[in-house]
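Colleague: I am new to reading protein models. Could you walk me through this one?

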Amino acid sequence: MAVDFFFVFSGFVVGYAYDDRWNKMTIGAFFLRRLIRLQPMVVMGMFIGAVFFFFGSDAMFPGIDRLPDPDKICF
């Protein structure tokens, strides 16, 4: 239920934010604006996830902070 509310609410916010620009903006310009606005969050999330992945060794994931030996990797 919370996810449904989030999608409905975010659709309302996007619709309200772009309400006065719909007639002056193309679909491509809309997606470009959304990409420029969301991309920094994606990059920051990947960076934070990588930091926690490589420095988050604990009992549940022992040795996750060590990179594998290239000689022992078989494809």
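**Reading the model together**

Modeller: Happy to! Let us start with charge: there are 7 positive and 7 negative side chains in the protein chain, with the centres of the two sets 12 Å apart. Lys and Arg count as positive, Asp and Glu as negative, while His and the chain ends are not counted; each charge is placed at NZ of Lys, CZ of Arg, CG of Asp or CD of Glu. This is a predicted model, where local features need pLDDT of at least 70, side-chain atom pairs count only at pLDDT 80 or more, and totals for chains, interfaces and linings use all residues. Residues are numbered from 1 along each chain as its sequence is written, and side-chain values use heavy atoms, leaving out hydrogens and water.

Colleague: Which residue forms a salt bridge with Arg21?

Modeller: A salt bridge needs a side-chain nitrogen of Lys or Arg within 4 Å of a carboxyl oxygen of Asp or Glu. The count by this rule is 1 salt bridge. For Arg21, the closest N and O atoms are 3.8 Å apart, and the partner is Asp20.

Colleague: Is Asp20 buried or exposed?

Modeller: Buried means under 20% relative accessible area, exposed over 50%, and partly exposed in between (1.4 Å probe, protein chains only). Arg21, at 29%, counts as partly exposed. Asp20 has a relative accessible area of 56%, so Asp20 is exposed.

Colleague: How many helices does the protein chain have?

Modeller: Helices (H or I, at least four residues) and strands (E, at least two) are DSSP runs, numbered from the N terminus. The protein chain has 0 strands, and its helices come to 2.

Colleague: Where is Phe55?

Modeller: Phe55 is exposed, at 71% relative accessibility. From Pro40, Phe55 is 15 residues away in sequence and 22 Å away in space, C-alpha to C-alpha. Its place is in helix 2.
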